[in-house]
Amino acid sequence: MRSIWNGAISFGLVSIPIKLVNATENHSISFRQIHLADGGRIRYRKVCELDEEEVSGGEIGKAYEDADGTMIPITDEDLAQLPLPTAKTIEIVAFVPADRIDPLQMDTAYYLSANGVPAAKPYTLLREALKRSNRVAVAKYALRGRERLGMLRVVDDVIAMHGLLWPDELRAPQDAAPDGDITVRDAELDLADALMDTLGEVDMDTLHDDYREAVEELVAAKAAGEIVLPAEPEDTGDGKVIDLIAALESSVRAARKSRNAEGAGDGDGDAGMADVHPIKKTSPKTSGKTARTPEAEQTTGTAKKTTHRTPTGKTVTRSGSSTAKKSAPKSTGAKKSTSTTKKSAGSAGSTGSRTTAKKTTTKTATKTAKKTATKKRTSSSSGGTTAKKTASSRKRTSA
């Protein structure tokens, strides 16, 4: 990059030779003035108002116009002889926190490049000192015929300088604020916060000049002889806000939709939210089996079964103890069967095999039922024999 100024940074008793390079460039499209009748170029000529003759650049100098209109010539030699210590020096006057600098003061930005090998060491020293202190340097320098104010800060591994306006060059913001006492409700502030959160941050490198691109496309189309159709104007509302709450809500929805479209392509849902699908109900299998109702389970005395799959992939069948209690007959054998069932189920749970518990419960219940039936037969037969013996004893006694 071509330097526009050579000088030095004065850092106490340290002098750092540097070159000043523009850090920014103008990408705006410029136009020429033409004569509409024939397309001829319109040029500005420098003409002396006394003799009305055109003069060249070498014949033009500077002058200061006095209050009465008198021109006082000032030459470059006159300006060079002024006792200006900052004519070729960027003089650092203070180091302050960055937030002390009002952004309104910032002007053109420059890069400061070390000028020669001897400047590398002090240049690096100043750069690292600025980095470690988290401060910026306020300096004075002279450029293009006037003394200016600047701010030095570190950008990557380079010292950058921002031209600053002098404090007295800043205008007070008088009559810029809205007139009257305007109250903002908490609901409006909440919606404004929601809009700010939805818009979020932006990568500054992705921002570009849409207007310049549109102008370039227009020029290319005109050059190719194409007919350019006017674009449809967007509805900006003409700056009139009828309902602030409704406008904020609409803005939040539009921002969320835009963010979702950028993050998920054609997705319309909120970003980061999962899709919800209804659970499909499975119909009971009817091949060779009949679905049981709760009434049928209570009538037949069958315990309600629940089957689920464990994380290891095994199928486990559980028997509901409450249903088994309801279906059991009110007898001593049934109580023993229930107790035995609970013990067997507990034993099965300790071994971790639900299927074995089911088989053990069924076998135990069957054996218990057989024993109960045998006891009933025994009791009935023993009851008949006892009755016969009692009748015979009564007959003998009466005789």
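Student: Is His162 buried or exposed, and what is its relative accessible area?

Tutor: This is a predicted model, in which local features need pLDDT of at least 70 and side-chain atom pairs count only at pLDDT 80 or more, while totals for chains, interfaces and linings use all residues. Residues are numbered from 1 along each chain as its sequence is written, and side-chain values use heavy atoms, with hydrogens and water left out.

His162 is buried, with a relative accessible area of 11%, where buried means under 20%, exposed over 50% and partly exposed in between, computed with a 1.4 Å probe and protein chains only. His162 belongs to strand S9; strands (E, at least two residues) and helices (H or I, at least four) are DSSP runs, numbered from the N terminus. Leaving aside residues up to four places away in sequence, His162 touches Thr108, Ala109, Leu149, Gly150, Met151 and Arg153, a contact being heavy atoms within 4.5 Å.

A nonpolar core is a set of buried Ala, Val, Leu, Ile, Met, Phe, Trp, Tyr and Cys residues joined through side-chain atoms within 4.5 Å. Of the 20 residues in this core, Ile9, Ile18, Ile90, Leu112, Leu152 and Met161 touch the most other members, whereas the largest share, four residues, comes from S7. Among the residues that Leu112 touches, again not counting those up to four places away in sequence, are Ile9, Ile18, Ile90, Leu152, Val158, Ile159 and Met161. Apart from this core lies another, of seven residues, among them Val96, Ile101, Leu149 and Leu164; Leu149 is also one of the residues that His162 touches.

Among contacts in the chain between residues at least 6 apart in sequence, 55% join residues at least 24 apart.

Elsewhere, strand S3 (residues 62-65) and strand S4 (residues 71-74) pair in the antiparallel sense over four bridges, where pairing requires that DSSP finds at least two bridges between two strands. Within this pair, Tyr64 has Ile72 in S4 as its bridge partner, and in the hairpin, which has five residues between the strands, Gly69 takes a positive phi near 95 degrees.
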